[in-house]
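Reader: I have a structure here that I have not seen before. Can we go through it bit by bit?

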Amino acid sequence: MNYAALSQAIQDYCENVETSFVDNIPTFVQQAEQRIYNQIQFPSLRRNVTGNCTATNKYLACPLDFLAVFSMAVIDSNGVYTYLLNKDVNFVRESYPSPSDTGTPQYYALFGPRSNNADELTFILGPTPDTVYSFELHYFYYPESIVTAGTSWLGDNFDSVLLYGSLVEAYTYMKGEQDMMALYEAKYKEAVGLAKRLGDGLERQDAYRS
């Protein structure tokens, strides 16, 4: 299902073609996408990037489209991968309270922004890197919305969850009847359940980490 078909389906299901309603369909769809991507971790929507840390700097930048970590590994000069353990910031601070506590990083935590830009997320490493290391990060990301791209992995592979998620948002905007709202919510939850079976089950049978 592409965006044009999705938009038309929302209008048909809601029997609403008012200008203000149609103008808000992109918002309905993007809100639905946000809910879905935060409820289900599709392996098909996972990326990996590599980069280098800076010696004596315990912070590592996140990708701009970052949603959640799947794994992070440090790569030594021999090409050996060592996977870091995810901890809380307070664990890293308590374990390595001084910036001079250096070595090969063993832990990481999502630290948050280090500037006024709230989108600029960073990781904190423990201990502080004693030299330049390469890192490989596997992460879940926010794909480009079907609204702007015209098509998306979700629209092509699991359009029911996207449709019913959008209808919940649309019917909320319309302040529709409670029985219809309950119906769309139930259909959305059913679609989410099937999508989670795909994303958390069938696509991840060979995952080392659950």
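Reader: Where does Thr-56 lie?
Author: Thr-56 is in the loop between β1 and β2; strands here are DSSP runs of E, at least two residues, and helices are runs of H or I, at least four, numbered from the N terminus. This is a predicted model, in which local features need pLDDT of at least 70, side-chain atom pairs count only at pLDDT 80 or more, and totals for chains, interfaces and linings use all residues. Residues are numbered from 1 along each chain as its sequence is written, and side-chain values use heavy atoms, with hydrogens and water left out.

Reader: What is phi of Thr-56 near?
Author: Phi is near 65 degrees, a positive value in a residue other than glycine.

Reader: Is Thr-56 buried or exposed?
Author: Thr-56 counts as exposed because its relative accessibility is 58% (buried is under 20% relative accessible area, exposed over 50%, partly exposed in between, with a 1.4 Å probe and protein chains only).

Reader: And Glu-15, what about its phi?
Author: Phi of Glu-15 is near 50 degrees, positive in a residue other than glycine. Glu-15 sits in the loop between α1 (3–14) and α2 (19–23), and at 76% relative accessibility Glu-15 is exposed.

Reader: Which peptide bond is cis?
Author: The one from Gly-126 to Pro-127 is cis, with omega near -5 degrees. Pro-127 belongs to the loop between β8 (122–126) and β9 (128–129).

Reader: New topic. How many disulfides are there in the whole structure?
Author: A search finds zero, where a disulfide is a pair of cysteine sulfur atoms within 2.5 Å. For Cys-62, the nearest cysteine sulfur is that of Cys-53, 14 Å away.

Reader: Is Cys-62 buried or exposed?
Author: Cys-62 is buried, with a relative accessible area of 10%. Cys-14 is buried too, at 7% relative accessibility.

Reader: What volume does the second largest pocket have?
Author: About 170 Å³. A pocket is an open set of points on a 1 Å grid over the protein atoms alone, where a 1.4 Å probe fits, with protein on both sides within 12 Å along at least five of seven lines; lining residues have an atom within 4 Å of a point. The volume is the space filled by probe spheres set on the points, which are joined across faces, edges and corners.

Reader: Which element gives the largest share of that pocket's lining?
Author: β1, with four residues. The lining includes Val-49, Met-72 and Phe-123.
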